[in-house]
Amino acid sequence: MAETIDLTGDGGVLKTVVRKAKDDAISPSDSLPLVDVHYEGTLAENGEVFDTTHEDNSIFSFEVGQGAVIKAWDLALRTMKVGEVAKITCKPEYAYGSAGSPPEIPANATLIFEVELVACKPRKGSSLGSVSDEKARLEELKKQRELAAATKEEEKKKREEAKAAAAARVQAKLDAKKGKGKGKGK
């Protein structure tokens with residue numbers, strides 16, 4: 001049986017991995033904060049499904065850590081990898097609390113979600129890499145351009161030297177012919 005992890009230390013958010021992700025799978029991060037998930041939410045007290053993306057095979061997308069979803073999801077999704085499926089048990093204080101979310105979710109309800117992390121993406125308008133990754137990429141490009149320019153300059157210099165050497169040989173031949181011609185004509 002899979003190990004249950006207490007993500008909050010107080011039993012408020014429990015995570016059990018149902019299906020592990022591949023070892024090299026990515027996780028949500030500062031540079032990849034947008035997540036796409038499939039999920040099914042049930043009430044712990046009676047197992048009744050109150051929400052699911054499985055019926056219409058839709059994707060639910062949100063930005064992790066921005067308070068767009070219940071606290072339990074913000075905490076749990078940060079620990080997941082793309083391809084992972086986890087069972088997340090959320091006490092009321094990490095879900096909808098004493099207010100609930102009528103009519104589907106009663107007050108003080110403990111919720112159980114089976115969540116699959118489908119994808120992690122950057123915010124719109126940002127690149128996949130972090131700022132430091134982008135700086136490193138630009139620095140590498142600059143080095144490559146400088147190397148290409150130096151190589152091009154070296155090739156140009158060699159061509160000019162070859163032209164000068166060829167011109168000197170031609171001049172030497174001309175001078176030699178002129179010298180021979182002057183000597184014979186006298």
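Tutor: What follows looks at the aromatic pairs and then at the nonpolar core. Please keep in mind that the model is predicted. A search of the whole structure finds eight aromatic pairs, and one of them is formed by Tyr-39 and Phe-60, whose ring centres are 6.0 Å apart and whose planes stand at 75°, so this pair is edge-to-face. Because Tyr-39 belongs to strand β3 while Phe-60 belongs to strand β5 (residues 60-63), the pair ties together parts that are 21 residues apart in sequence. As for burial, Tyr-39 has a relative accessibility of 8% and therefore counts as buried, the cut-off being under 20%, whereas Phe-60, with a relative accessible area of 30%, is partly exposed. Ring pairs also join Tyr-39 and Phe-60 with Phe-50, Phe-62, Trp-73 and Phe-113 in a cluster.

Turning to the core, the largest nonpolar core has 28 residues, and the members that touch the most others are Val-37, Trp-73, Leu-77 and Phe-113. Two or more residues of this core come from each of β3 (34-43), α1 (71-78), β6 (85-90) and β7 (111-121), with β7 giving the largest share, five residues. In soluble globular proteins, nonpolar side chains tend to be buried together.

Notes: Residues are numbered from 1 along each chain as its sequence is written. This is a predicted model: local features need pLDDT of at least 70, side-chain atom pairs count only at pLDDT 80 or more; totals for chains, interfaces and linings use all residues. Side-chain values use heavy atoms; hydrogens and water are left out. A nonpolar core is a set of buried Ala, Val, Leu, Ile, Met, Phe, Trp, Tyr and Cys residues joined through side-chain atoms within 4.5 Å. Buried means under 20% relative accessible area, exposed over 50%, partly exposed in between (1.4 Å probe, protein chains only). Helices (H or I, at least four residues) and strands (E, at least two) are DSSP runs, numbered from the N terminus. Rings of Phe, Tyr and Trp (its six-membered ring) pair if their centres lie within 6.5 Å; planes under 30 degrees apart count as stacked, over 60 as edge-to-face and the rest as tilted.
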